Amino acid sequence: MISFLWIHLFYPKKRWILCATIMILLFILSLLIDPTNDMYEEVLFKSTYLEGYELTMMKLMTLMMPFVVVILVMDHDQFYLRPLYSYFGRTKVILSKMVVYFIVLIILYIGLMVYYYLLFYVFKSHLPIKINVYPFIHLFLDALILLNFVLYLIRDKYKVFSIVIGIFYMIYQFVQEDFFHLSISYLFPFKNDHFESYLLAIPYKLCYIILGLLLTHRKMDNEPLKSSS
């Protein structure tokens, strides 16, 4: 089932679009780390340069990755897959679809983290970079929340509107960065330095994601088969 869904959810054209988008992101990350900058000056002001590189690169990934997730999931509601419900049952098909996206997102974000630190070790080995997985965990959890939103709200006839979710995420980042409101973070627990400082931020996100998956499964399980709206 998972192999079948992989073939149909990630057809060749979509793979090319995803690869092109990811390559653009990786290229921009490579430019942000500025391999041509003077090494001696960076050694002299280690903390300043390291903090600047980490801040700009993390901000770029925070703003761009949601659009990668949206492109990844926006056409999940392919009507010709619905007859599979009759053979395998809705629950198995829906859960298999979620597992496929979950696996792809894990691979994507692990690859992004490896590339991020590889850039430092190759071009900035003179800077005291330390591996910190927590920002990437929060980015990954954000991706799962966005996955929930797209799976729950977007259907084939309106898949173009899924880009609105990515735009909303970007606006949210700018607003919460300047005027942080904890109540808004309760409603939309996306990545934010203030919210991440709370001890229960990750457990809260996990509960939020699980609840979203349950609601998404319930909605998909009750959808009519005669139309994709």
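User: As I understand it, a pocket is an open set of grid points with protein on both sides within 12 Å along at least five of seven lines. What volume does the second largest pocket have?

Analyst: Its volume is about 300 Å³. Please note that this is a predicted model. The second largest pocket has 16 lining residues, and Leu18, Ile22, Val104, Ile107 and Leu108 are the closest to its centre.

User: Which helix gives the most to the lining of the second largest pocket?

Analyst: That is α2, which contributes six residues. At least two lining residues come from each of α2, α4 and α6.

User: How does the lining of the second largest pocket divide by class?

Analyst: It consists of 14 nonpolar residues, one polar residue and one charged residue.

User: And the largest pocket, what is its volume?

Analyst: The largest pocket has a volume of about 450 Å³. Its lining holds 17 residues, and those nearest the centre are Glu54, Leu55, Met58, Lys191 and Asp193. Two or more lining residues come from each of α4, α6 (90-123), α8 (163-178) and α10 (193-196).

User: Which of those elements has the largest share?

Analyst: Helix α4 has the largest share, with five residues. By class, the lining of the largest pocket comprises seven charged, five polar and five nonpolar residues.

User: Let us turn to α4 itself. At what angle do α2 and α4 pack?

Analyst: Helix α2 (residues 12-32) and helix α4 (residues 46-73) pack at about 175 degrees, and their axes are 10 Å apart. Angles over 145 degrees count as roughly antiparallel, so α2 is roughly antiparallel to α4. On the α2 side, the contact involves Lys14, Ile17, Leu18, Thr21, Ile22, Leu25, Ile28, Leu29 and Leu32. On the α4 side, the residues include Tyr53, Thr56, Met57, Leu60 and Met61.

User: What classes of residue make up that contact of α2 with α4?

Analyst: The contact of α2 with α4 has 17 nonpolar residues, two polar ones and one charged one.

User: How do the axes of α4 and α7 cross?

Analyst: The axes of α4 and α7 come within 10 Å and cross at roughly 30 degrees. An angle under 35 degrees counts as roughly parallel, and therefore α4 is roughly parallel to α7. The crossing of α4 and α7 is right-handed.

User: Which residues meet there?

Analyst: From α4 there are Met58, Met61, Thr62, Pro66, Val69 and Val73. They meet Pro135, Phe136, Leu139, Ala143, Leu146, Leu147, Val150 and Leu151 of α7. The contact of α4 with α7 has 13 nonpolar residues, one polar residue and no charged residues.

User: And α8? Is α4 roughly parallel or antiparallel to α8?

Analyst: The axes of α4 and α8 cross at roughly 160 degrees and come within 8 Å. The two helices are therefore roughly antiparallel. The crossing of α4 and α8 is right-handed. Their contact involves Lys59, Thr62, Leu63, Pro66, Phe67 and Val70 of α4. The α8 residues include Ile163, Gly166, Ile167, Tyr169 and Met170. In the contact of α4 with α8, nine residues are nonpolar, three are polar and two are charged.

User: A change of topic. How many cavities of 30 Å³ or more does the whole structure hold?

Analyst: The search finds two.

User: Which residues line the largest cavity?

Analyst: The largest cavity is lined by His76, Asp77, Gln78, Leu81, Arg82, Tyr85, Val93 and Lys97. Three of these residues are nonpolar, two are polar and three are charged.

User: What lines the second largest cavity?

Analyst: The lining of the second largest cavity is formed by Thr62, Met65, Pro66, Tyr109, Leu139, Asp142, Ala143, Leu146 and Tyr169. Both α4 and α7 (134-153) give two or more residues to this lining. The largest share, four residues, belongs to α7. By class, the second largest cavity is lined by seven nonpolar residues, one polar residue and one charged residue. Thr62 and Pro66 also belong to the contact of α4 with α7 and to that of α4 with α8.

Note on methods
Residues numbered from 1 in each chain as written. Predicted model: local features only at pLDDT ≥ 70, side-chain atom pairs only at ≥ 80, totals over all residues. Heavy atoms only, no water. Axes fitted to C-alpha atoms, helices over the stretch in contact; angles between N-to-C directions. Parallel < 35°, antiparallel > 145°, perpendicular 65-115°, else oblique. Contact = heavy atoms within 4.5 Å. Nonpolar A, V, L, I, M, F, W, Y, C, P; charged D, E, K, R; others polar. 1 Å grid on protein atoms, 1.4 Å probe; cavity = no way out; pocket = protein on both sides within 12 Å on 5 of 7 lines; lining within 4 Å. Points joined across faces, edges and corners; volume = space filled by probe spheres on them. Left-handed = near helix turned anticlockwise from the far one by under 90°.
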